[in-house]
Amino acid sequence: MTIKQKNIHEDREVSCRVLIDLIRKEEDPRKRKLYLHDFLSKSLDLRETAKLYYTLEVYREIVMPEYKDVIKQYQKKTLTPRTKIDIGIITIKNFELNAAKIALGIDFKKESDHKESGYKYWIKDINTVKGKKLKTVLTMVGKPRGINISNACRTMFNIYDIKMCILIGIAAGLESKVKIADIVVPETIYDIEGMRLEGSGAKKRPIPYNMKRSLARSIEYFDLKVIEWKEAFQNNMNKIRELYKTPDLPELFEPEIHNKIILTGEKLLADGSLELLREEHHDETRAYEMEGGGFAATCDECGIPWIVFRGISDYGDPTTKDGIGGNPHLRKIWQPIAALSAATIAILYMRNEIQQEDIVLF
Amino acid sequence: MNTVGLLTIGFGTAAPEKINNNILNYYEYILKELMGFTYHLNCRINNCDEYSIPLSLSDCEEGNSVVYEKIFKHFESIKDKVDTLIVDISTMASSLIPGPVEFHIYWAISALIVSNQQPSMFILITKQLPPLSEACYIHIMRTYVENSKIIILDEEGNCISKNDEISLSDKTRYRIVVSEAKGNISNLFKIKILRRMGHYKRISSTGIKYCVREFYDCSESEYELKILIQNWIIKNYGDDIPDILYHCEVSKWLEPPIISVSKEIGARCFHVNDIFRACETGFKYELKKPILILPLIDSANTIIGILDKWKKFEVGEIPLVLSILSTQGIKEENGEYSISYNGNINIKYILRVDRTTYYEECPLCVLDIPYTEYGDDDNLMLTTYDFWSMASSSEWIKEKDTPKIRRELEYIPNFEQLIHKNGAWLARKIKDIINYYVEWLPANPIIVVCPDEAGANALSEYLRVIDGFSIISIPKDVIFAFEQENINLNQIYKTYEHEKWHIQMSNAPKNKHIVIVEEFSVSGSTKKYLMNMIRRYGFNNILCHCAIVDFGGKGKEGSIVTYVLYEFHLKTETIGDYKTKEYS
């Protein structure tokens, strides 16, 4: 499967390098001023280390000669280019991070490979079934909601040169269509939060985010009936039980992958209204969560293909359906299992369907 | 004196377009050749303008009645004033399928003939005559042909009339007249070449690595290229059809026109590598007067590599070499020069172009700018290096045609020049950006509304030529009249009744999608007033606003977003606070 798409604009670091060179070579002060405007507006999008490096570089071009040496002393000799990563993996909560670590084979005790702005990053190579390697980086947002995942994604994209991004986590599922630990991989995420409030009632303004068609097709080819998943699934389940008290899944449990619709919004669903939301918005709704819209929007803006893997942990109704027997104290009991189900399937998908040489992001 | 009216259908257009003098001359030529000197165009007699009738595929899909209504409305206005009517259905966008469209037209014309005594004669001009024995709709016309009510003529000069009484005596001359009327093929070819800028890696046949700045993409001018190649072969070979060989590794645009030409003239056609592969297996093609066509010759390393292999495999006589584009040679068009290879080999070319090559110290490599993939742009927007390169190669000026509400920008690139040099590529990028953001870009034609300024007009013209958009160009004073929300529209209608833009705005179908185009935006006032004007004229589907640059950065505000080719915002302190007219 080849993942190809255009960027909206070129890498900002490239733009800034070009502008510094233009400022250096240009004698006309009016043009230099315009180049400086351009540089300063583009430098706002740079990662922190690059921002400092290039800003000092441009200062050296515009300050009086006696100050150049002073600046040079504080400037790094070279700027380390962003590490090239095939797939960025992002989770929201701690148990989802642990689930992803188990699925990737990262030791819980291993320190992160990098820290920036409070985020931690673990780098891990995945071996594909064709014997090639995919380089991945894993991180966690920490807090729910679209704005937080958007910030986390942007920070990650500034640090790493990422070709593709995957969100792994849990969601509330539609009880009539999905079961606990099933996985929803949405071909479309509907952000249902937007609306216009009028005296006569709310006018809905949902925003759809569509997965790239080539990726959506690759999910359709991914068939659990023909790949070896049970052993990996069982091994991972055993590991998650070392961390969390979780109930057992039925013995012959087989997770089902649903390539349908996920609704996303800013509110935590805990009133059993998912069926109503399905009637209101889209018949093919299978789940609801809180980060998909922010994630998809940020990836689209940055020109990075994305996929979401959501394990079903509950039905959005803690008083009657979620947990075990509607016991509110047990409403979160399936969360680690659901997260692990999503993570295991996501890693299996990467190993089976994505080849490193096929990921071509211009 | 017989007076002749016009009914010109603009297929694939969204708005009426003024019929230019070249086309009117062409009609007069047809009249003279077919009918004699006593026939004259009504618009020339009365010194008035003629406009085409816009017709889109969705109109035709709605059925006969929609097509008939459009034609009927125009017909009613002229039928009593003319003795003969020219109905021109040959100006269609190449993507449209003529069959269903022409079917509806024939029905409409037959309805007009049946229900009206006047005019007494119809001359129907079509792109290509359908096979008489097969097309069911030609039977609709047959009766009227037999009754001398209608003559049908195509662009090749073939004619259907009663007992073949009427025909063109000189078809060759006619074809030339058609080419000149519809746009000089060579000029159109030049205009439609996409000069994609980037950082392209090249490796010569001797293994030398070097970089080039431009990739010439002729994929938008497939039709023109086909005609040019065909004419070139006919001129140089006559009836002795050669075997056509070609070589294209990255310039995939070369293949379709060559295959098309081969089919047209009945020539055999091979990729030269297929010949070499066959030789490797021991099979040899018997080639007859081979011509080898390449997309572009620069250093001649590629052609020398091919000739080396040709010699090695003992393929046969050295082919005549034709390059579509060449960076060498003195003449701009249809030139030739020699390269040294076992004596001298003559290279003929169709068009001379410039290309920037770096064998050493490539400035883009020094800046660690990634290589560009061939065939399509990596980024929707312009890169910083490309934008400022284009700006630097234009002169820098004070802004012209500044809106009254703000002061002019003191020092900016001459966008008109920038567009003149790079317009085809910029137009293509604008379409790609609209496609990306709008996603469901309508299959039906789009209207571009732009201010009547040199730069905006130039960019819009390229959008028309490259992407088939219809253009309505609005004078600045009219745009700023719509600063007032409640402007008296009747007064506007009265004042500008005969102006081209007003006729287009009034007569274009109101369900068409509109894109507003400017060369650059600062305060967003032109966009705002144009939006007001477009809505007051009854259009509801404004897709977006496009500009090369949005200096003021206001484009993302409001209901209609501005999409730019290069992100570059100047702070208000630099532009000036245009609302209060206080400037720093």
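This is a predicted model: local features need pLDDT of at least 70, side-chain atom pairs count only at pLDDT 80 or more; totals for chains, interfaces and linings use all residues.
Reader: Which residues of H10(A) are buried?

Author: They are Gly292(A), Gly293(A), Gly294(A), Phe295(A), Ala296(A), Thr298(A) and Cys299(A). That is seven of the 10 residues in this helix, which spans 292-301, so the rest of the structure largely encloses it. Phe295(A) is also one of the core residues that touch the most other members. Just after H10(A), Gly303(A) has a positive phi of about 70 degrees.

Reader: How do I read two packed helices?

Author: Two packed helices are described by the angle between their axes and the distance between the axes. Take H1(A), residues 12-25, and H2(A). Their axes come within 9 Å and cross at roughly 160 degrees. An angle over 145 degrees counts as roughly antiparallel, so H1(A) is roughly antiparallel to H2(A). The crossing of H1(A) past H2(A) is left-handed.

Reader: Which residues make that contact between H1(A) and H2(A)?

Author: H1(A) brings Arg12(A), Ser15(A), Cys16(A), Leu19(A), Ile20(A), Leu22(A) and Ile23(A). H2(A) brings Arg32(A), Tyr35(A), Leu36(A), Asp38(A), Phe39(A), Lys42(A) and Ser43(A). By class, the contact of H1(A) with H2(A) has eight nonpolar, two polar and four charged residues.

Reader: At what angle do H2(A) and H3(A) cross?

Author: At roughly 165 degrees, with the axes coming within 11 Å. H2(A) covers residues 29-43 and H3(A) covers 48-62. The angle makes H2(A) roughly antiparallel to H3(A). H2(A) passes H3(A) in a left-handed crossing. On the H2(A) side are Arg32(A), Leu36(A), Phe39(A) and Ser43(A). They meet Lys51(A), Tyr54(A), Thr55(A), Val58(A), Glu61(A) and Ile62(A) of H3(A). Five residues of the contact of H2(A) with H3(A) are nonpolar, two are polar and three are charged.

Reader: What about chain B: at what angle do H8(B) and H16(B) pack?

Author: About 105 degrees, with the axes 10 Å apart. H8(B) is residues 185-192 and H16(B) is residues 454-467. These two helices are therefore roughly perpendicular to each other. Leu188(B), Ile191(B) and Lys192(B) of H8(B) contact Tyr462(B), Val465(B) and Ile466(B) of H16(B). Five residues in the contact of H8(B) with H16(B) are nonpolar, none is polar and one is charged.

Reader: Against which elements do the buried residues of H19(B) pack?

Author: Strand E20 (470-474) and helices H17 (476-481), H18 (489-495) and H20 (525-536), of chain B. The buried residues of H19(B), residues 500-507, are Trp501(B), His502(B), Ile503(B), Gln504(B) and Met505(B).

Reader: Now single residues. Is His258(A) buried or exposed?

Author: Buried residues fall under 20% relative accessible area. His258(A) has 8%, so it is buried. It lies in strand E12 of chain A, residues 257-258. Beyond neighbours within four places in sequence, His258(A) contacts Lys177(A), Val178(A), Asp182(A), Ile183(A), Val184(A), Val185(A) and Arg286(A).

Reader: Is Pro413(B) buried or exposed?

Author: Pro413(B) is buried, at 3% relative accessible area. It sits in strand E18 of chain B, residues 412-413. Not counting residues up to four places away in sequence, Pro413(B) touches Ala391(B), Glu395(B), Trp396(B), Ile397(B) and Leu418(B). Pro413(B) and Ser392(B) are 21 residues apart in sequence, with their C-alpha atoms 7.4 Å apart.

Reader: Where is Lys289(B) placed?

Author: In the loop between helix H11 (272-280) and strand E12 (291-297) of chain B. Lys289(B) is partly exposed, with 38% relative accessibility. Its contacts, leaving aside neighbours within four places in sequence, are Tyr237(B), Asp240(B), Pro242(B), Asp243(B) and Glu317(B). The C-alpha atoms of Lys289(B) and Leu320(B) are separated by 7.9 Å.

Key:
Residues are numbered from 1 along each chain as its sequence is written. Chains are lettered from A and ligands numbered from 1 in the order in which they are written. Side-chain values use heavy atoms; hydrogens and water are left out. Axes are lines fitted to C-alpha atoms, for helices over the stretch in contact, and angles run from 0 to 180 degrees between N-to-C directions. Helices (H or I, at least four residues) and strands (E, at least two) are DSSP runs, numbered from the N terminus. Angles under 35 degrees count as roughly parallel, over 145 as roughly antiparallel, 65 to 115 as roughly perpendicular and the rest as oblique. Contact means heavy atoms within 4.5 Å. Ala, Val, Leu, Ile, Met, Phe, Trp, Tyr, Cys and Pro count as nonpolar, Asp, Glu, Lys and Arg as charged, and the others, Gly among them, as polar. A nonpolar core is a set of buried Ala, Val, Leu, Ile, Met, Phe, Trp, Tyr and Cys residues joined through side-chain atoms within 4.5 Å. Buried means under 20% relative accessible area, exposed over 50%, partly exposed in between (1.4 Å probe, protein chains only). A crossing is left-handed if the near helix is turned anticlockwise from the far one by less than a right angle, and right-handed if clockwise.
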